[in-house]
Amino acid sequence: MIHRLTHVFIGWAGLCLCVSPSAFAQITVTDLQTPYSFVSSQSGKEYFISSVNGDPESPDNNGFITKLDANGKIIHLKFIQGGTPGVTLHAPKGMALVDQTLYVADLDHLRAFDIANGKPIAAIVIPAKAVQASTSLTDVAYDGTSLLYCSDQHANRIYRVELPSLKVSVLVDDPELAGPTGLAVHPKSGRLIAVSWEKGKIFEITPDGAISELFSNGFFSGRFTNLRGVDFDRWGNMYVSDFTRGKVWRMTWDKRFQVIAEYLPSPGDLGIDRTNNLILVPYEFAHAAEMNGLEAPSDGKSKQEKRTLADYGFIPPPPKPAAEGVPKK
């Protein structure tokens, strides 16, 4: 089992990672073409990566989706390929899995495919904003019951799609969203979370479309730049990727932010495999992606107590003291 997310950087030889001595090596997937999103099935036995493969706004019908097995090995590099008979896929970006159906944000369509054979199931047209020439979807998220949410970064819109009727409506249309990119549904509260590309903000959105700002940059400091992805682990910790600054942040239940990886080459729309406790990160400019482990939550430290590298997963934690009355080995 993979254990900890560690530093990543691009060198002349390609994608390289510095792994701590106690950690098992990460899994790196190569031969992708501008990968955007990385998701897992609920069982944790299948993984999917979307590759834009060219201009992210062009209807060139050459995007593809890669399928991996439970060990992160490529089953089929171009499992779903735009331009093959019966398949239209221009610039696939964010994805969401609902049972055996993979939903893909593809410009002005939300496309659905069977994850067993890659065959198209549905193509849902998302209407453009009146003042906008076309729709450009960036992500899709599933609420676990009957709703899909889609973000349009350029239009500052979030759409709601009802399942199984596929009825589309506008949930939010507000400049305050500042270029919504990544979407995720909190596994405990069920609230929709959106991250902002333009202002580095994180929003919570109610079922009736009311927006509340969870986190933003301060007046004298800028924690985030261009946020691309957001997801949650099984304990409710939130992870966000900063595409421009090359960082992945974790926000714990007590609202502490921690940089768990930095110097990353354009981290995209990340995903969390909650079954196996893995983080899945695509690297757009490196044409690669990575699977790596997450540490389980600890009891934590008080805010006054100094944190160490062990708290971030970069070195092994110190041994626990023996309980009173228990002889040392």
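## Basis

Two strands count as paired if DSSP finds at least two bridges between them. Strands are DSSP runs (E, at least two residues) and helices are runs of H or I, at least four residues, numbered from the N terminus.

This is a predicted model, in which local features need pLDDT of at least 70, side-chain atom pairs count only at pLDDT 80 or more, and totals for chains, interfaces and linings use all residues. Residues are numbered from 1 along each chain as its sequence is written, and side-chain values use heavy atoms, with hydrogens and water left out.

## Chain overview

The chain has 0 helices and 26 strands. Of its 329 residues, 52% are buried (under 20% relative accessible area, with exposed over 50% and partly exposed in between; 1.4 Å probe, protein chains only).

Contact means heavy atoms within 4.5 Å. Among contacts between residues at least 6 apart in sequence, 46% join residues at least 24 apart.

Cys-150 stands opposite Tyr-159 in β14.

## Nonpolar cores

A nonpolar core is a set of buried Ala, Val, Leu, Ile, Met, Phe, Trp, Tyr and Cys residues joined through side-chain atoms within 4.5 Å. The largest has 15 residues, and Cys-150 is among those with the most contacts inside it, as are Tyr-103, Leu-110, Ile-126, Leu-148 and Val-161. Strands β8 (92–98), β9 (101–106), β10 (109–114), β12, β13 and β14 each supply at least two residues of this core. A second, separate core of 14 residues includes Phe-215, Phe-232, Trp-249 and Met-251.

Beyond its neighbours within four places in sequence, Tyr-103 is in contact with residues including Gly-94, Met-95, Leu-110, Val-140, Leu-148 and Leu-163.

## Glu-204

Glu-204 is in strand β18 (residues 202–205). Its side chain makes a polar contact with the side chain of Arg-191 at 3.4 Å. Such a contact is a pair of N or O atoms within 3.5 Å; within protein, one must be able to donate a hydrogen and the other to accept it, and residues adjacent in sequence count only if both atoms are side-chain atoms.

Leaving aside neighbours within four places in sequence, Glu-204 is also in contact with Leu-192, Ile-193, Ala-210, Ile-211, Ser-212 and Leu-214.
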